[in-house]
Amino acid sequence: MKKKTESKKCAPKVAVQKVAVKKSANILLERTDKVVTKDKNSVLKIFGPSYKVSAILNEAMNEARAAETGLPVAKVLEVLKLRDHWCIRREWIEGKTLAETMAGDKKNLMRYLKEFVAIQCEIFSKTSERMGNLADKLDKQISASALPKETRYDLHMRLQSMPRGKALCHGDFNPTNVIITASGDWRVIDWSHVRLGDPLADVARTYLLFWLSGHVAAAEKYMALACEALKVKIADVQKWLPIVAAAESSKEQSVKNHELLLHWASVVDYE
Ligand SMILES: Nc1ncnc2c1ncn2[C@@H]1O[C@H](COP(=O)(O)OP(=O)(O)O)[C@@H](O)[C@H]1O
Ligand SMILES: [Mg+2]
């Protein structure tokens, strides 16, 4: 492996701005400048002012396009403005996320990972008209990353040599975005990053997401299962890793993870 010079730039600054919600709100998740709440039989994703209106409308559009592929998703019900906040309302899915299920039943990790991979492969079997390509998004994110100019150049070149692909790639496929219902059916949520692309790029991103959330053993097991299901070598997915790590570093908010991503993005040659 060849490692390029480290970047001198530091992690991107993030404007911390909490979204104000009612005290009685049933909060499912709270992030910097975004809150997800349960509201009767629906879920309300409330965005803070750092989100561009176009990005919020695009997220709703992506969710609608994902639903049109026929995959089981949580349907978008409306896009609305509550006081000063743009919101997306989607169907509530009664169940548990795969992340919760896995955390509560560690001995069956392999079984859940197999199911997780099977769901991802079903997503890859779909495509969509008029959806952007993942390679174009990755290209922009590499340009926006804090990596040295030469590394960014190498990554742009590498990306050009990779297949563009036309498979539906969720873009944020991780166990918190899969809900398993009481009857054992699954639904995939959170399609804001969906694009068409090479499935192996999406596998590389999911592998990275396991890593970044501290589930390193699960990451390796997931990689092996995904490669087996797609009948590819692990080395083929690893070729995407510096590219997806660089792309991720352009938005990663944790300083520790940011440094890790910059390191991976700098490893441009896999033996
Ligand atoms: N339609 C839904 N039904 C049930 N739970 C949901 C639904 N949408 C979101 N959630 C819960 O809220 C969490 C965050 O929602 P998500 O849309 O994934 O936000 P983020 O973009 O911040 O990851 C999910 O991991 C899940 O636990
Ligand atoms: Mg999510």
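Asp 190 counts as buried, because 23 C-beta neighbours lie inside 10 Å; a residue is buried if 20 or more other C-beta atoms lie within 10 Å of its own, exposed if 12 or fewer, and partly exposed in between, with C-beta atoms placed from the backbone. The model is predicted: local features need pLDDT of at least 70, side-chain atom pairs count only at pLDDT 80 or more, and totals for chains, interfaces and linings use all residues. Residues are numbered from 1 along each chain as its sequence is written, while chains are lettered from A and ligands numbered from 1 in the order in which they are written.

**Two loop residues**

- Asp 190 sits in the loop between β10 (186–188) and β11 (195–197); strands (E, at least two residues) and helices (H or I, at least four) are DSSP runs, numbered from the N terminus.
- Although Asp 190 is not a glycine, it has a positive phi of about 65°.
- Arg 83 is not a glycine either, and its phi is positive at about 50°.
- The loop that holds Arg 83 runs between β5 (76–82) and β6 (85–91).
- Arg 83 is exposed, with 7 other C-beta atoms within 10 Å.

**Domains**

- The protein is divided into domain 1 (26–91) and domain 2 (94–269), with bounds that come from an automatic or database domain assignment.
- The C-alpha centres of domain 1 and domain 2 are 22 Å apart.
- Eleven residues of domain 1 are in contact with 14 residues of domain 2; contact means that the C-beta atoms of two residues, placed from the backbone, lie within 7 Å.
- On the side of domain 1 that touches domain 2 there are five nonpolar, three polar and three charged residues (Ala, Val, Leu, Ile, Met, Phe, Trp, Tyr, Cys and Pro count as nonpolar, Asp, Glu, Lys and Arg as charged, and the others, Gly among them, as polar).

- Helix α9 (residues 241–249) is largely enclosed by the rest of the structure, because eight of its nine residues are buried.
- Among the buried residues of α9 are Pro 242, Ile 243 and Val 244.
- Helix α6 (residues 199–212) packs against α9 at an angle of about 60°, with the axes 9 Å apart; axes are lines fitted to C-alpha atoms, for helices over the stretch in contact, and angles run from 0 to 180 degrees between N-to-C directions.
- That angle makes α6 oblique to α9 (under 35 degrees counts as roughly parallel, over 145 as roughly antiparallel, 65 to 115 as roughly perpendicular and the rest as oblique).
- Ala 201, Ala 204, Arg 205 and Leu 208 in α6 meet Leu 241, Val 244, Ala 245 and Glu 248 in α9.
- This contact of α6 with α9 has six nonpolar, no polar and two charged residues.

**Helices α3 and α7**

- Helix α3 (residues 109–124) and helix α7 (residues 216–230) pack at an angle of about 50°, and their axes are 9 Å apart.
- α3 and α7 are therefore oblique to each other.
- The residues of the contact of α3 with α7 divide into ten nonpolar, one polar and two charged.
- Residues of α3 in this contact include Leu 109 and Met 110, and those of α7 include Ala 218 and Lys 221.

**Two partly exposed residues**

- Ala 99, in helix α2 (residues 98–103), counts as partly exposed, with 18 C-beta neighbours inside 10 Å.
- Neighbours within four places in sequence aside, Ala 99 is in contact with Pro 175 and Thr 176.
- Asn 257, in helix α10 (residues 255–266), counts as partly exposed, with 18 C-beta neighbours inside 10 Å.
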